[in-house]
Amino acid sequence: MTKRVLADKGIPFNEIDIRDDANAREYVTQDLGYTEAPVCVVEDGTDQDHWSGFRPDHIDRIAALT
């Protein structure tokens with residue numbers, strides 16, 4: 001659902017499957033502390049925002065910035 005809404009709103013994204021990428025899995029679970037997917041990480045220059053789960057409110061906020 002997250003991917004579909006991002007695409008519908010024209011927000012570009014890169015999908016990384018943490019089941020296949022041990023470094024990404026460690027980053028999401030250890031560094032960010034999430035235990036639920038999907039995890040969205042938004043980087044804008046030096047700023048970073050992230051959340052877990054389907055969050056249309058966050059997607060709308062990001063869409064308003066683009």
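Visitor: Which residues is A63 in contact with, leaving aside neighbours within four places in sequence?
Guide: A contact means heavy atoms within 4.5 Å. On that basis A63 is in contact with K9 and I11, its neighbours within four places in sequence being left aside. This is a predicted model, in which local features need pLDDT of at least 70 and side-chain atom pairs count only at pLDDT 80 or more, while totals for chains, interfaces and linings use all residues. Residues are numbered from 1 along each chain as its sequence is written, and side-chain values use heavy atoms, with hydrogens and water left out.

Visitor: Where does A63 lie, and how far is A63 from D17 in space?
Guide: Helices (H or I, at least four residues) and strands (E, at least two) are DSSP runs, numbered from the N terminus. A63 lies in helix α3.

Visitor: Is T2 buried or exposed?
Guide: Buried means under 20% relative accessible area, exposed over 50%, and partly exposed in between (1.4 Å probe, protein chains only). T2 has a relative accessible area of 8%, so T2 is buried. T2 is found in helix α1, and beyond four places in sequence T2 is in contact with P38, C40, G53, F54 and I59. By the same cut-offs A63, at 22%, is partly exposed.

Visitor: Which residues make up the largest nonpolar core?
Guide: A nonpolar core is a set of buried Ala, Val, Leu, Ile, Met, Phe, Trp, Tyr and Cys residues joined through side-chain atoms within 4.5 Å. Here the largest one has seven residues: V5, L6, I11, C40, W51, I59 and I62. Helices α1 (2-8) and α3 (56-65) each supply at least two residues of this core. One member, C40, touches T2, D49, H50 and W51, residues up to four places away in sequence not being counted.

Visitor: In what sense do β1 and β2 pair, and over how many bridges?
Guide: Two strands pair if DSSP finds at least two bridges between them. β1 and β2 (residues 47-52) pair in the antiparallel sense over six bridges. D44 has D47 as its bridge partner in β2, and V39 has S52. The hairpin of β1 and β2 has two residues between the strands, and G45 takes a positive phi near 70° there.

Visitor: What joins the side chains of E43 and Q48?
Guide: A polar contact is a pair of N or O atoms within 3.5 Å; within protein, one must be able to donate a hydrogen and the other to accept it, and residues adjacent in sequence count only if both atoms are side-chain atoms. The side chains of E43 and Q48 are joined by one of 3.2 Å. E43 is found in strand β1 (residues 39-44), and is exposed at 60%. At the start of helix α2 (residues 22-31), a side-chain oxygen of D21 comes to within 3.1 Å of the backbone nitrogen of N23.

Visitor: How many salt bridges does a search of the whole structure find?
Guide: A salt bridge is a side-chain nitrogen of Lys or Arg within 4 Å of a carboxyl oxygen of Asp or Glu. The search finds five. Among them, D49 pairs with R61, the closest N and O atoms being 2.6 Å apart. This pair links distant parts of the chain, D49 in strand β2 and R61 in helix α3, twelve residues apart. D49 is partly exposed at 22%, as is R61 at 35%. R19 forms another with D17 at 2.8 Å; R19 is exposed at 69%, whereas D17 is partly exposed at 27%.
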